Amino acid sequence: MSIDKKEAQLRDDICRICAMLYSRGLIRGPSGNVSARLGEDKILLTPGGVMKFDLHPDQLIVVDMNGEKVGPGNEINRNLKPTSELPMHLEVYHRRPDVGGVVHAHTSHAVALTTAGFSLHTQVLTEGMLFLGVVPTAPYGTPTTSELSDSIIELIPDHDAIMLPYHGSITFGHDVWQAFSRTEVLEQVAEIQYFTSQLGEEKRLSKPNIEKMIELRKKYRHNLPSDPKLLED
Ligand SMILES: [Zn+2]
């Protein structure tokens with residue numbers, strides 16, 4: 001696929017993903033941001049301060065790996081700025097050459113759990129273990145500041161999804177669709193974890209069964225160095 005065709009496809013993909021994030025209540029108002037790696041040294045991402053449910057592909061912005069806008073832009077995005085959470089996205093791309101897409105959403109159930117002091121427990125859902133593995137909660141960082149991007153730096157190499165307390169989630173994947181699907185699964189894990197807590201005490205899956213899921217993560221190449229922590233409570 002030519003570079004132009006790839007960029008056009010990615011622009012469409014990101015707009016579709018933003019519309020789905022909005023329709024599923026994973027982002028509200030102008031919140032949330034999505035990016036994709038464009039070649040070796042560029043990132044395509046959503047602009048800040050705009051509603052994401054009906055983004056036009058030309059509203060998306062291209063930046064270099066330092067976060068500087070590339071080229072003159074087009075008639076539609078010339079006066080738009082990249083999302084204020086761009087530094088958080090750049091930290092992921094710099095530290096994970098395997099990552100091709102990043103999604104930051106305001107996943108309500110997951111935020112509610114972490115705000116109440118619980119860690120996300122992906123062991124409540126087989127797909128949660130398979131696609132997410134361990135989901136840590138970062139230290140709190142004020143949005144739009146380097147506090148937020150700094151808060152996830154140490155967690156990026158060993159995880160594909162991180163909770164940002166009082167705020168939202170960030171997920172990454174080999175492409176933007178995988179990053180999106182991880183956001184969806186993360187919120188489903190949180191819903192199930194919450195409902196389970198309302199119904200009674202969680203009946204923990206046995207360690208041998210969790211070990212089998214860790215093996216499945218290897219088989220499907222989702223494995224990460226943090227996987228053994230799935231066996232811990
Ligand atoms: Zn946010």
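1. Buried residues account for 42% of the 233 residues in the protein chain. The model is a predicted one, and the points below should be read with that in mind.

2. Overall composition. The protein chain has 7 helices and 6 strands. Their order along the sequence is α-β-β-β-α-β-α-α-α-β-β-α-α. The radius of gyration of the protein chain is 18 Å, close to the 17 Å from the globule rule for 233 residues, so the chain is as compact as a globular protein of that length. Along the principal axes, the C-alpha atoms fill a box of roughly 55 × 35 × 30 Å. Of the contacts between residues at least 6 apart in sequence, 65% join residues at least 24 apart.

3. The sheet. The 6 strands make an open sheet with antiparallel pairing, in the order S3-S2-S1-S4-S6-S5. S3 and S5 (161-164) are the edge strands, each pairing on one side only. On average, and ignoring direction, neighbouring strands of this sheet are turned by 20 degrees against each other. Helix H2 packs on the sheet and touches S1, S2, S3, S4 and S6. The direction of H2 makes about 135 degrees with that of S2.

4. From S3 to S1. S2 (residues 42-45) is joined to S3 by 4 bridges, and the two run antiparallel. Leu45 has Ile61 as its bridge partner in S3. Another 4 bridges join S2 to S1, again antiparallel, and here Leu45 is the bridge partner of Ser35. S1 and S2 form a hairpin with 3 residues between them. In that turn, Gly39 has a positive phi of about 70 degrees.

5. Strand S4. S4 (residues 101-105) is mostly covered, with 5 of its 5 residues buried. In a regular strand, side chains alternate between the two faces of the sheet. In S4, Gly101, Val103 and Ala105 point one way, while Val102 and His104 point the other way, and all are buried. On one flank, S4 is joined to S1 (residues 33-38) by 4 antiparallel bridges, with Val102 as the bridge partner of Ser35. S4 also pairs with S6 (residues 168-173), over 5 bridges in the antiparallel sense; Val103 has Thr171 as its partner there.

6. From S6 to S5. These two strands pair in the antiparallel sense over 4 bridges. Within this pairing, Gly168 of S6 is the bridge partner of Leu164.

7. Thr83. Is this residue buried or exposed? Thr83 is buried, because 25 other C-beta atoms lie within 10 Å, and 20 or more is the cut-off for that class. Thr83 sits in the loop between strand S3 (61-64) and helix H2 (86-95). Leaving aside residues up to four places away in sequence, Thr83 touches Asn33, Leu45, Thr46, Pro47 and Gly48. Of these, Leu45 is the S2 bridge partner of Ser35. Thr83 and Gln178 are 95 residues apart in sequence, and their C-alpha atoms are 21 Å apart in space.

8. Helix H7. How far apart should the ends of H7 (residues 207-219) be? At 1.5 Å a residue, its 13 residues should span 18 Å, and the end C-alpha atoms are 18 Å apart, which agrees. After H7 comes Arg221, with a positive phi near 55 degrees.

Definitions and conventions:
Residues numbered from 1 in each chain as written. Predicted model: local features only at pLDDT ≥ 70, side-chain atom pairs only at ≥ 80, totals over all residues. Rg over C-alpha atoms; globule rule 2.2 N^0.38 Å. Buried ≥ 20, exposed ≤ 12 C-beta atoms within 10 Å, placed from the backbone. Contact = placed C-beta atoms within 7 Å. Pairing = 2+ DSSP bridges. Expected span 1.5 Å × (residues − 1). Axes fitted to C-alpha atoms, helices over the stretch in contact; angles between N-to-C directions.
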